[in-house]
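This report describes a structure with attention to its chains, their contacts and some backbone details. The structure is shown first.

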Amino acid sequence: MTLTAGCDVGSLTAKAVIMRDGRIIGAQVVKSRAKPEISAKEAMAGALTAARVALEDVAACVGTGYGREKIPFVKEVVSEIACHAKGAKWLVSSARTVIDIGGQDCKAMRIDEHGEVIKFITNDKCASGTGRFLDVMARVLGISVDELGRLSAGAKQPVTLASTCTVWAQADVIKYLNSGIAVADIGAGINIAMANRVAILANSVKAEHDVCMTGGVAKNNGVVQTLAQLLGRRITVPRKADPQLAGAIGAAIIAGQL
Amino acid sequence: MSKAMLEIFYDAAEKVNSAAINAWKAQGKKIVGNTCSYVPAEIFHAAGILPVRLRGIETDNMAVGDTYFGPYICSFPKCILQLAGEGRFAFLDGAVITPGCDAMRRLDECWRKAGEDIPGIVPPFFYYFDVPHKTAPHGLDWFKEEIRRLIQAVEQHFHLSITHEALRASIRQYNQGRRLLKQLEDLRATPEAGITGADAFAVAVAGTVLPREEYNSRLAELLQVLEQNLPAVADGKKRLLTMGSISDDMDLIRLIEGHPKALVVAENLCFGVRYEGPELEENGDPVAAMAQGYLGKSTCPRMYGKYQERLDILKQTIARAKVEGVILQNIRFCDLHGSENSLFQRDLEAMGIPCLKIEREYGPLTEKGRIKMRLDAFLRQL
């Protein structure tokens, strides 16, 4: 009964997962604070409480995410690309392509049958195509990110956001709002713009079946459906656990291999 | 490897106003900057002028650079213009601009235009040196003519004479440096090498700034020490090669080698062995020797029809240095290396050599976090 843990401190949220013999027994997602060590401690405390175990009971913990170097209780730190690949493989065992959209980056990976990365690419132009893009747009529309995801279903004529820059796209959204266009059409346009950006990365790694999507944006059905259309492939969104936990799950799995 | 021995190389590689430049100016001697590997350093050496490669290190903002270049263009010439605009190149008596690429060609126009608004930033000798894109006989003839015109312009501006004998002596001096640098490259390629990628890169970059005689003697001393079987630095690390757009960024190499399992064992950049080029013919017409050496044997992606040759050189380097992974970096908006890196990635991966492609800005390494994330994943992949 080996306990392992993974802690993924991202730019928007920090996630912790406790696993026992390959099964999740506790998990927690918290908003990231200015200091990654505080975010990590908060997330881990929540996960430990949920699992009803103490940190001392955990055999090994692996840290990942942008704040990984600052997490005090980890045995090793591993790039989030490797962790997301492992996590996605655990979430969807048939996955060979993983699209992960985090708060400040977007990754597309092709993985092998063991969840090892074969090829990967991350966005390096700007913030559009990341969770932050949806965050900014939801705030402009005055709705939650979850609500934004649901808007696509009710859209009649989605707007086109010409610019791929988050700030200019935001200006476009405000212009559409001011001219009285339905929020659902604007929201659908935002989800399409997001999917367009992500499709570029997925195409760059030559996406193969099965395509799995992780990260918080996997919960946005509008983006997932548009992306599936653009790629011409069905996209599997994990149901085994919260797709946002993929990095932390992968970290906990790697901790078990140390 | 003693820090004291490397200090002069790091100082020259990482400071605009290096000790060597200050010492040279203190003697009342002239300095001419150039922007590309096509400008024969021997011309200036033969004239008693210090040729230095202009770089954009130590920039901390882009207020001048962005004003004249605009946002959607390579940050390397912008950083040079930024330093010029801030008066950081006050030590220059001249500058030679070449069309290494279109962005570098524009430096000529942008620097002149900025000089209209910021008085005193254009060096007194400001020269545009054209370079053909082909090594066909007519291209070489044209380049010889450009070299003759440059010699004439230097003679006229600085009131001196550059004899063929002096040029041949300078070619011999530069050839010595080329041989020494090649020795260092060969030594680095061995698993027993006692020098890190960062240290070797500092030595290579310093060669574009230090007075040649001093560089040659310091490099020869360094090689003597390295040949005394220093402890190997490889120690089970993954052997990497860096290549692509212009990069004299020591922080990038430090970032790579900051990973406990990474060692940079070779480069294919326009600094180091490729910048120095092959040895020049020491006898006969020095102009023809410089044209042949600097253009005829150039393996830079700006030259037409050289991809296969570059790929072959790369394959040889990979085999010689037992490279396990290649880092293809390019500066954002770099057409030459941006497109070529994709071809290299395709061809190298087909040969089973893993590649990591990184697009970045020239200047202070502000994207450390994102680059590190990709490096870590790449090293794990290896």
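Helices here are DSSP runs of H or I with at least four residues, strands are DSSP runs of E with at least two, and both are numbered from the N terminus. The model is a predicted one.

**Chain B overall**

Chain B contains 16 helices and 8 strands. Its C-alpha trace extends about 60 × 45 × 45 Å along the principal axes. Among contacts in chain B between residues at least 6 apart in sequence, 76% connect residues at least 24 apart.

**Contact between the chains**

On the chain B side, 9 residues are in contact with 10 residues of chain A. Helix α16 (residues 368-381) of chain B supplies the largest share of the chain B side, 8 residues. By class, this side of chain B has 5 charged, 2 polar and 2 nonpolar residues.

**Domains of chain A**

Chain A is split into domain 1 (1-92 + 240-258) and domain 2 (94-237). A distance of 25 Å separates the C-alpha centres of domain 1 and domain 2 of chain A. Their contact involves 17 residues from domain 1 of chain A and 25 residues from domain 2 of chain A. On the domain 1 side, the largest share, 9 residues, belongs to helix α2 (residues 80-91) of chain A. The domain 1 side that touches domain 2 of chain A has 9 nonpolar, 6 polar and 2 charged residues.

**Backbone details**

Most residues other than glycine have a negative phi, and most peptide bonds are trans. Two residues of chain B with positive phi are listed below, and neither is glycine.

| Residue | Phi |
|---|---|
| B:H159 | near 55° |
| B:K322 | near 50° |

B:H159 lies in the loop between α7 (137-158) and α8 (164-188) of chain B. This residue, B:H159, counts as exposed because it has 6 C-beta neighbours inside 10 Å. B:K322 has 13 C-beta neighbours inside 10 Å and therefore counts as partly exposed.

In chain A, the peptide bond from A:H209 to A:D210 is cis, with omega near -10°. A:D210 is located in the loop between α6 (183-204) and β9 (211-214) of chain A.

Definitions and conventions:
Residues numbered from 1 in each chain as written. Chains lettered and ligands numbered in written order. Predicted model: local features only at pLDDT ≥ 70, side-chain atom pairs only at ≥ 80, totals over all residues. Contact = placed C-beta atoms within 7 Å. Nonpolar A, V, L, I, M, F, W, Y, C, P; charged D, E, K, R; others polar. Domains from an automatic or database assignment. Buried ≥ 20, exposed ≤ 12 C-beta atoms within 10 Å, placed from the backbone.
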